[in-house]
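The sequence and the structure are shown first.

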Amino acid sequence: MKRNYCLSLVLLALFGMSAPCSASVVDTENVLSSQSTQQTKKITGKVIDVNGESIIGASILVKGSGTGAVTDINGRFSVEAATGSTLEVSFVGYKNQNAVIGNQVDYIITLQDDTQTLSEVVVTAMGIKKRA
């Protein structure tokens with residue numbers, strides 16, 4: 001958890017101590033057709049780990065739209081998405097989690113630890129000279 005806390009502090013320093021931000025990429029050819037066929041709504045939620053602790057700086061992406069957000073210091077996020085679209089939540093050290101948007105507007109998303117063991121570790125020291 002200490003590793004995640006340190007990484008979160010670095011992310012907060014890079015992105016600032018502001019509320020969740022959102023970004024979107026606009027494809028001018030598909031803007032009119034996608035907006036006219038799908039009604040978007042404000043989706044809010046919280047990202048936690050298996051112990052119930054908030055995950056700071058997790059990425060939330062609405063698949064296929066280019067819209068996304070980053071969780072704040074309380075693990076909360078807010079993003080615009082259409083019913084039926086998929087949220088992809090990711091964070092370093094955890095498995096990605098997908099959530100399909102239904103009728104509800106508030107989601108609690110739990111990320112599972114991504115523990116992988118290395119079969120072999122090789123440490124080398126090249127070019128190190130000891131002076132007398």
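Helices and strands are here DSSP runs, of at least four residues for helices (H or I) and at least two for strands (E), numbered from the N terminus. The model discussed is a predicted one.

**Overall fold**

By this assignment, the protein contains two helices and eight strands. Along the sequence these elements follow the pattern α-β-α-β-β-β-β-β-β-β. The protein has 132 residues, of which 27% count as buried. Its accessible surface comes to about 9,400 Å², and carbon and sulfur atoms account for 53% of that area. When contacts between residues at least 6 apart in sequence are considered, 57% join residues at least 24 apart.

Three strands form an open sheet in the order 5-2-8, and their pairing is mixed. Strand 5 (76-82) and strand 8 (106-111) are the edge strands, each pairing on one side only. From one strand to the next, the twist averages 35°. Strands of a sheet pair through backbone hydrogen bonds, in either a parallel or an antiparallel sense.

| Strand pair | Sense | Bridges | Residues standing opposite |
|---|---|---|---|
| Strand 2 (residues 40-49) and strand 5 | antiparallel | seven bridges | Thr-44 and Ser-78 |
| Strand 2 and strand 8 | parallel | six bridges | Val-47 and Ile-109 |

In a regular strand, side chains alternate between the two faces of the sheet. Strand 8 has a covered face made up of Tyr-107, Ile-109 and Leu-111. The uncovered face of strand 8 carries Asp-106, Ile-108 and Thr-110.

**The nonpolar core**

Nonpolar side chains tend to be buried together in soluble globular proteins. Which residues have the most contacts inside the largest nonpolar core? They are Ile-43, Val-47, Phe-77, Val-79 and Leu-87, in a core of 19 residues. Strand 2, strand 3 (59-62), strand 5, strand 6 (86-90) and strand 8 each give two or more residues to this core. Val-47, one of the residues with the most contacts in the core, is also the residue that stands opposite Ile-109 in strand 8.

Leu-87 may be followed in detail. Apart from neighbours within four places in sequence, Leu-87 is in contact with Ile-43, Phe-77 and Val-79, among others.

Notes. Residues numbered from 1 in each chain as written. Predicted model: local features only at pLDDT ≥ 70, side-chain atom pairs only at ≥ 80, totals over all residues. Heavy atoms only, no water. Pairing = 2+ DSSP bridges. Axes fitted to C-alpha atoms, helices over the stretch in contact; angles between N-to-C directions. Buried < 20%, exposed > 50% of the residue type's maximum accessible area, 1.4 Å probe, protein only. Contact = heavy atoms within 4.5 Å. Areas by Shrake-Rupley, 256 points an atom, 1.4 Å probe, with all protein chains shown as cover. Core = buried A, V, L, I, M, F, W, Y, C linked by side-chain atoms within 4.5 Å.
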